[in-house]
Amino acid sequence: MKLTKLYPLIWFFQLVPFIALCQINENNHEEKRTYFTRSLENSEITIDGKFDDPAWQNVEWAGDFTQRDPIDGAPPSQKTAFKVMYDAKYMYFAIKAYDTAPDSIVKRMSRRDGFEGDFVEVNIDSYHDLTNAFSFTVSVSGVIGDEAISNNGRNWDSNWDAIWWAKTTIDKEGWNAEIRIPLSQLRFTNSENLTWGLQVTRRLFRNNERSYWQYIPKDSPGWVHLFGELKGLKGIKPQKQLEIAPFVLARNDRGKKEEGNPYKTGSEYSANAGVDGKIGITSDITLDFTINPDFGQVEADPSQLNLSTFEIFLRERRPFFIEGRNTLSFPGTRSNAGGNFSRDNLVYTRRIGKSPSYEPETEEGQFIDQPKVVPILGAFKLTGKNKNGFAFGVMNNITMATTAEIDTKGEKSEETVEPFTNYFVARATQDINQGNSVVGIAFTATNRTIDSDNLRFLHTDAYSGGIDFLHQWKDRSYYIQGNFMVSHVEGDPEAITNTQESGRHFFQRPDASYVNVDTTATSMTGTGGYLKFGRNGGSPWRYEIGGTWRSPKFEINDIGFMNAADLMNQWSMVGYQTLQPVSIFRRINANVRQYAYFDYGGKNTYLGLHGNVNLEFKNFWEFSTGGSLQRQRLSNFMLRGGPAFLRPNRNQFWYNIESDGRKKLAFEFGNEFAVTQDNAGKNFDAWVGMNYRPINALEIGIFPFISYNQDHIQYVTTEANTAGDNYVLGRIEQHTTGVTIRGNLILRPNLSLQYYAQPFASRGDYYDFKRVEDPRAGKYENRIHTFTTDEISYNSENEEYTVFDQNGNYTFGKPDFDVIDFNSNLVLRWEYKPGCTFFMVWSQGRGDLAEPFREFSFSEIVNGIFDSPSENVFIAKLTYRFRK
């Protein structure tokens with residue numbers, strides 16, 4: 001397809017939003033409902049799930065729920081009712097889930113925040129800011145879950161763990177949930193008479209049905225601002241929360257013993273201690289802190305093999321950094337259309353406590369004790385929001401200077417591998433017009449104390465900041481949103497040169513006349529941002545149009561995340577969702593997205609048309625499919641600092657099928673296919689998943705996958721001769737396979753045994769080596785020259801290729817690879833008191849193949865895993881929480 005044929009499609013999707021603006025329909029939301037509560041005064045309520053305390057007779061039942069799924073606006077198939085009371089310390093909820101078939105109630109067990117089986121849920125907007133709320137869920141089996149809701153329901157943070165109590169019972173009328181929530185877990189203003197936002201939800205699992213007290217249609221443009229209201233709260237005072245949670249830990253590391261290596265003795269014992277805390281400074285401000293934190297019970301990252309110049313984004317898994325992250329987050333873009341900038345953020349906490357930046361080289365006879373992570377000495381977060389809609393967050397983290405110890409024939413020496421570093425983040429937002437508009441500001445600072453020459457490649461100081469805004473109208477159905485960011489880094493000329501030449505910038509590109517490497521520079525400043533307009537509710541149609549930019553000198557990766565600078569993009573998206581079941585479908589979602597990318601030199605580096613469709617059938621099976629047409633694939637990064645290379649056009653297609661997830665045995669499978677034109681490559685991925693629940697307390701999941709990648713122009717190396725740089729490519733044949741295994745045994749709602757494992761293997765073989773000739777030639781065959789047998793030879797003894805060139809011969813190593821990895825985690829978690837936990841953890845890692853793969857067969861991979869040396873870690877950790 002010629003590029004000119006894509007332009008009409010691009011302009012069509014640009015015009016759709018403006019055409020739709022002429023067809024605005026008013027939103028028809030149900031009026032807000034109100035529940036009037038009362039104080040317990042001198043009465044008491046015992047949390048036993050029976051509602052037999054006399055105090056419950058002093059308030060009325062509320063009911064008349066409305067179904068949202070599967071039939072939006074229909075009456076629910078079973079009735080639900082609730083009551084609310086309070087005293088000076090607690091909120092109390094009684095929820096009656098009527099059921100005409102009590103024997104059919106699904107009593108699945110799960111770990112905390114599992115949300116399995118039948119459950120009821122309470123959402124409380126105690127700030128009454130129409131934007132943020134707290135969610136408390138209890139399943140019929142007694143498992144609790146809690147989430148912090150932000151951004152008007154667009155973000156649900158299940159890593160927020162409050163301390164509260166719930167008890168459930170089953171009787172002939174259905175099942176009951178009795179809940180007690182400490183006021184200290186909520187945030188609200190100091191006022192004699194309060195009004196809070198309130199929503200109560202019920203899920204009837206066997207029908208996959210959800211019903212709500214305050215009906216909020218599917219096409220609504222938000223969530224929290226449409227809650228009903230809880231009134232009658234008089235005389236309660238905000239509680240100053242105080243929670244201190246010290247921990248003690250014992251650890252045993254076991255690995256293969258290496259003769260003569262003092263750092264690999266086969267077994268090592270250690271002990272540790274630290275403390276976490278939460279202090280309510282005022283009713284509006286909370287301080288979270290941690291000293292010498294431990295994250296030993298955190299699940300390992302999935303194995304991935306990266307052959308690109310771009311960094312792999314890793315999900316944050318550590319509780320301290322996860323809880324409340326929405327308060328501090330400053331995304332580089334917020335696009336419903338996704339795109340290359342969707343991961344960008346000024347704050348990427350995986351930088352804190354990462355592996356050291358430097359690893360010393362050792363000579364024969366030397367042994368090194370290289371730390372795996374940089375210890376975090378301490379960290380704190382100060383967050384708050386007042387009654388006027390001003391919210392803020394401040395986080396500071398200190399990591400210690402870290403050294404590697406080197407043993408040279410018994411003589412010990414140390415070398416610094418990470419400097420003492422301070423990471424600082426500040427964020428503030430102001431709600432305007434009851435949250436219909438929001439403005440915000442952010443600032444980050446990374447400051448390192450570098451006193452070792454081997455660390456001069458690191459920035460001494462890195463700063464970033466930004467302002468952002470959101471304006472919504474027509475009951476928040478329409479919005480315009482954007483931000484502006486600035487970055488500034490300082491350091492030794494080596495550090496700034498290293499940044500300019502890194503895979504995010506490549507200032508050394510010979511065809512980029514607008515940038516150049518300045519080896520004397522000691523600082524670098526850049527900008528980034530985005531602007532978008534769209535419709536997000538009030539209709540089954542949704543759309544968005546916007547643009548993003550990153551200037552060539554924009555750099556935030558000291559504490560943020562960004563894969564590439566020197567890019568601008570424009571996107572548009574149109575989506576449609578059904579609001580009611582149609583024919584054989586319960587739900588239909590579809591969208592089409594268009595992208596156009598440019599660099600700061602004015603080159604068009606990408607044109608794409610992407611789309612997907614998701615269909616849910618009335619039998620609860622799902623079918624998803626999608627694809628993309630990718631054109632003008634001009635890569636500034638493919639040749640690792642070389643000129644831009646025009647990759648051939650690419651077409652992609654994928655699909656995924658999921659069975660009914662309510663069944664004891666559920667599965668999914670899918671494929672992805674991609675073909676690069678001019679016979680330049682192809683990709684095939686296949687996956688299958690199985691989730692099995694033989695009993696309510698046990699869940700087993702197995703998710704294997706295979707991948708085949710053939711790329712005829714995979715970058716290999718850059719070698720110089722008298723003619724200059726020679727960019728060598730090759731045809732890679734890559735086979736990858738792996739399986740993710742998860743198991744959860746829930747012995748009681750507060751006692752669980754969890755298992756995670758992922759064996760992973762990948763083999764890559766290179767053939768048909770070639771040299772880049774004219775990287776932007778109109779014809780693909782003119783962009784490359786494939787070496788003949790007379791032009792290249794292979795030496796099997798030193799595993800090197802030699803290219804015979806009239807301008808000077810050059811050699812490069814054999815790029816073939818064989819990778820194997822195995823990570824597993826077995827965790828026993830016992831919450832012996834609310835907020836107090838005991839962990840026992842066994843982690844195992846395997847890798848370092850003794851021999852390369854030959855056939856890449858199942859037996860060979862299994863043998864390779866078990867023949868690889870293992871590293872085992874055993875941890876016992878006890879945490880006790882003191883509360884006031």
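This report walks through some cores, sheets and individual residues of a predicted model.

## The largest nonpolar core

Let's start on the inside. In soluble globular proteins, nonpolar side chains tend to be buried together. Here the largest nonpolar core has 47 residues, and those touching the most other members are Phe-82, Met-91, Phe-93, Phe-136, Ile-181, Leu-186 and Trp-196. Two or more residues come from each of β4 (80-86), β5 (90-98), β6 (119-125), β7 (133-139), β11, β12 and β14 (228-234). The top contributor is β5, which gives six residues.

Setting aside neighbours within four places in sequence, Ile-181 is in contact with Lys-89, Tyr-90, Met-91, Phe-93, Ile-124, Phe-136, Trp-164 and Leu-186. There is also a second, separate core of 19 residues, and among its members are Leu-328, Ile-376, Val-425 and Met-485.

## A five-stranded open sheet

Next, find the open sheet whose five strands follow the order β2-β4-β5-β11-β10, with mixed pairing. At its edges are β2 (38-39) and β10 (165-171), each of which pairs on one side only.

Strands of a sheet pair through backbone hydrogen bonds, either parallel or antiparallel. In this sheet, β2 and β4 run parallel and are joined by two bridges. If you look for Arg-38, you will find Met-85 of β4 standing opposite.

Arg-187 is buried but has no salt bridge. The side chain of Arg-187 does make a polar contact, at 3.2 Å, with the side chain of Thr-286. Beyond residues up to four places away in sequence, Arg-187 touches Ser-126, Tyr-127, Phe-134, Gln-241, Ser-283 and Thr-286.

Glu-192 is partly exposed, because its relative accessible area is 47% and that class runs between the 20% and 50% limits. The C-alpha atoms of Glu-192 and Ile-236 are 7.2 Å apart, although 44 residues separate the two along the chain.

## A helix and its cover

Now move along to helix α4, which spans residues 493-500. Its buried residues are Ala-495, Ile-496, Thr-497, Thr-499 and Gln-500. Among the elements covering these buried residues are β26 (478-490) and β27 (523-535).

## Strands β40, β45 and β46

Finally, look at β45 (residues 817-833), which has antiparallel partners in both β40 and β46. With β40 (residues 751-772), there are 14 bridges, and Tyr-755 stands opposite Leu-826 of β45.

With β46 (residues 836-846), β45 forms 10 bridges. One of the pairs to look for is Asn-823 with Gly-845 in β46.

How values were computed
Residues are numbered from 1 along each chain as its sequence is written. This is a predicted model: local features need pLDDT of at least 70, side-chain atom pairs count only at pLDDT 80 or more; totals for chains, interfaces and linings use all residues. Side-chain values use heavy atoms; hydrogens and water are left out. Buried means under 20% relative accessible area, exposed over 50%, partly exposed in between (1.4 Å probe, protein chains only). A nonpolar core is a set of buried Ala, Val, Leu, Ile, Met, Phe, Trp, Tyr and Cys residues joined through side-chain atoms within 4.5 Å. Helices (H or I, at least four residues) and strands (E, at least two) are DSSP runs, numbered from the N terminus. Contact means heavy atoms within 4.5 Å. Lys and Arg count as positive and Asp and Glu as negative; His and the chain ends are not counted. A salt bridge is a side-chain nitrogen of Lys or Arg within 4 Å of a carboxyl oxygen of Asp or Glu. A polar contact is a pair of N or O atoms within 3.5 Å; within protein, one must be able to donate a hydrogen and the other to accept it, and residues adjacent in sequence count only if both atoms are side-chain atoms. Two strands pair if DSSP finds at least two bridges between them.
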